[in-house]
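Subject: Handing over a structure

Hi there,

Here is the structure I promised to pass on to you. Have a look at it first, and then read on for what turned up in it.

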Amino acid sequence: MRLLRRAAAAMSAGVARALTTSRVTGLAPGPYAVGVRTIQLTDESRQEDGAPRKLQTEVWYPAAQTDAKPSAFSDFLCGVAAPPKEIIQAAEKPDAIGGYADGLTIDKIDAAWPCVAVRGAEINKEERWPVV
C-alpha cells in the first residue's frame with residue numbers, strides 16, 4: 001500500500017514538472033517535492049576574524065506537496081526571498097559572479113537557473129525518508 005501511495009503521489013505531483021527539462025542538466029526534475037532552509041551554524045571552538053566561526057548551511061529535505069513558488073538563485077544569497085539590494089550589488093561585483101561572464105547578473109541567473117525546491121516548505125511527515 002505504501003509503495004502504491006508513493007507511486008501515485010510521484011505521478012500526480014511530478015507530471016507538471018516532469019514535462020520540462022533542466023537547461024543545466026538536460027534532465028527532468030524528480031517527482032518528489034523538495035524543501036530548503038538556511039541555518040547558521042556556529043563553531044565556538046574555532047575563531048575566524050576574532051569571533052567564533054560561523055557557517056551558513058543550506059538544508060535540503062523531503063517536503064510535503066505544495067503549490068508554493070519554487071526558490072530562485074537569489075534566495076540562496078542570504079537565505080531569504082528577495083535579498084536586499086546591497087546583497088545583490090555585492091554578488092554582481094567582478095570578484096563575485098560578475099567575474100564569470102560579462103553582463104552576468106542575479107536576474108539573469110534567476111531567469112535561467114532551474115530550482116524546484118520551495119524555501120521553508122513543510123517537511124513531508126507522511127513518509128519516512130533517509131537523511132543524507
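Over residues 1-19 pLDDT stays under 50; pLDDT is the predictor's confidence in each residue, from 0 to 100. For that stretch the model has 22 contacts beyond four places in sequence, a contact being heavy atoms within 4.5 Å. For the protein as a whole, the mean pLDDT is 78, and 80% of the residues reach 70 or more.

Some ground rules before the rest. This is a predicted model, in which local features need pLDDT of at least 70 and side-chain atom pairs count only at pLDDT 80 or more, while totals for chains, interfaces and linings use all residues. Residues are numbered from 1 along each chain as its sequence is written, and side-chain values use heavy atoms, with hydrogens and water left out.

The overall layout

The protein has 3 helices and 3 strands, and from the N terminus on they run α-β-β-α-α-β. Both kinds of element are DSSP runs numbered from the N terminus: helices are H or I with at least four residues, strands E with at least two. Of the 132 residues in the protein, 20% are buried; buried means under 20% relative accessible area, exposed over 50%, and partly exposed in between, with a 1.4 Å probe and protein chains only. The protein exposes about 9600 Å², and carbon and sulfur atoms supply 59% of that area. Accessible areas come from the Shrake-Rupley method with a 1.4 Å probe, and for residues only the protein chains shown count as cover. Among contacts with a separation of 6 or more, 55% are between residues 24 or more positions apart.

The sheet

In what order do the 3 strands of the open sheet lie? The order is β2-β1-β3, with mixed pairing; two strands pair if DSSP finds at least two bridges between them. Strands β2 and β3 (118-119) are at the edges with a single partner strand each, so one side of each has no neighbour in the sheet.

Strand β1 covers residues 34-48 and strand β2 residues 51-62, and the two pair in the antiparallel sense over 12 bridges. They make a hairpin with 2 residues between them, and D49 in the turn has a positive phi of about 55°. To find your way along this pairing, look for V34, which stands opposite P62 in β2, and for R37, which faces V59 in β2.

V59 also belongs to a nonpolar patch on the surface, together with I39, L41 and L55; the four have about 300 Å² of accessible area together. The elements that give two or more residues to this patch are β1 and β2. Patches are made of residues with over 30% relative accessible area and no salt bridge, with like charges joined within 9 Å and nonpolar side chains (Val, Leu, Ile, Met, Phe, Trp, Tyr) within 5 Å. V59 itself counts as partly exposed because its relative accessibility is 32%.

Charged pairs

How many salt bridges are there? The count comes to 3, where a salt bridge is a side-chain nitrogen of Lys or Arg within 4 Å of a carboxyl oxygen of Asp or Glu.

- R46 pairs with D43, with the closest N and O atoms 3.3 Å apart. R46 is partly exposed at 46% relative accessibility, and D43 is partly exposed at 25%.
- E48 and R53 meet through their side chains at 3.7 Å, N to O. E48 is partly exposed at 40%, as is R53 at 31%.
- R119 and E58 meet at 3.4 Å, N to O. R119 lies in strand β3 and E58 in strand β2, so this pair ties together parts that are 61 residues apart in sequence. E58 is partly exposed at 25% relative accessibility.

Two pairs to look up

T25 is in the loop between α1 (2-18) and β1, and this residue is exposed, with a relative accessible area of 52%. T25 and P114 are 89 residues apart along the chain, and their C-alpha atoms are separated by 9.6 Å.

A111 lies in helix α3, residues 106-112, and counts as exposed at 58% relative accessibility. A111 and F73 are 38 residues apart in sequence and 8.8 Å apart in space, C-alpha to C-alpha.

Enjoy looking around, and write back with any questions.

Best wishes
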